Amino acid sequence: MSDRWDRQLRFSGWGASSQRAFAASRVLICGTGALGSMVATLLVRAGVGAIRLVDCDQVEEVNLHRQVLFSQHDADVHERKVVAAARALRQIGSDTQIESVDTTINTESIDSLCNGVSLIVDTLDNYPTRFVVNAAAVRHRLDWVHGAVLGGTGQLAVFRPGHTPCLQCLFQPDDFAPPTLAEAGIMPPVVTTIASLQALEAMKLLGGQGASVLTEFLSFDFWNHRRHAIPLGTPDPDCLICGRRSP
Ligand SMILES: [Zn+2]
């Protein structure tokens, strides 16, 4: 095994069997913006087998303070995000297969995007699409790592169909109102913090260390040093997505 991963192989919670499982995994990264740039960077550096990047936007100058895979040149030429991200990631590590899909994530596209993947990481910037991802994760029985950021705050959760509630057991789409990122702004270190936590939970799941995976819905106010945790508990049997009345 390459020296590249020596320092994570030495960690007692990881080891060669986790690294092999991780290297055989394909991760769907839903959104190649701020969270997606950092999650992809960390997973590629750690030696994940393959990632499927999805986004439908081009790089703009306003992205550059937080979207760490993109350069000034990418913004100047309005490069497609998945193209610029794939190019940067291939420079970081050639062991990972990088797949770019330039499309909108919606009810029509999500099932094919889930084909052949081991895990979904939610690096989206809006809740309507997160509920689309949630329903697909339940249909395909795929674990997914939720992350969200706004201003100085962030959220993190791991949803595991068959083991935990789904997003819609806990919240309804109407629970999440504006402001948007464009209105409330975002502090870059908040993004990289949540993305790092997402990458860590993804590594636990893919490396077969599921017993260590987060079992709470965490909300952080990093600006004021406050943290709120809601235990995930058990699935809602009446949930329209994952309960007994679901399709
Ligand atoms: Zn549910």
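**Note on the predicted model**

1. The protein chain contains 10 helices and 8 strands. Its radius of gyration is 17 Å, close to the 18 Å that the globule rule gives for 247 residues, so the chain is as compact as a globular protein of that length.

2. On overall extent, the C-alpha atoms of the protein chain fill a box of roughly 50 × 45 × 40 Å along the principal axes. Of the 247 residues in the chain, 50% are buried.

3. The accessible surface of the protein chain amounts to about 11,700 Å². Carbon and sulfur atoms account for 51% of that surface.

4. As to charge, the chain carries 21 positive and 25 negative side chains. The centres of these two sets lie 8 Å apart.

5. One residue may be examined individually. R26 is found in strand β1, which covers residues 26-30. Is R26 buried or exposed? Its relative accessibility is 19%, and buried means under 20%, so R26 counts as buried.

6. The surroundings of R26 can be listed. Leaving aside residues up to four places away in sequence, R26 touches A50, R52, Q97, E99, G116, V117, S118 and L119. With one of these, E99, the side chain of R26 forms a polar contact of 3.1 Å, which joins the two side chains.

Terms used: Residues numbered from 1 in each chain as written. Predicted model: local features only at pLDDT ≥ 70, side-chain atom pairs only at ≥ 80, totals over all residues. Heavy atoms only, no water. Helix = DSSP H or I, 4+ residues; strand = E, 2+ residues; numbered from the N terminus. Buried < 20%, exposed > 50% of the residue type's maximum accessible area, 1.4 Å probe, protein only. Polar contact = N/O pair within 3.5 Å; in protein donor to acceptor, adjacent residues only side chain to side chain. Contact = heavy atoms within 4.5 Å. Rg over C-alpha atoms; globule rule 2.2 N^0.38 Å. Areas by Shrake-Rupley, 256 points an atom, 1.4 Å probe, with all protein chains shown as cover. Lys, Arg positive; Asp, Glu negative; His and termini not counted. Charge placed at Lys NZ, Arg CZ, Asp CG, Glu CD.
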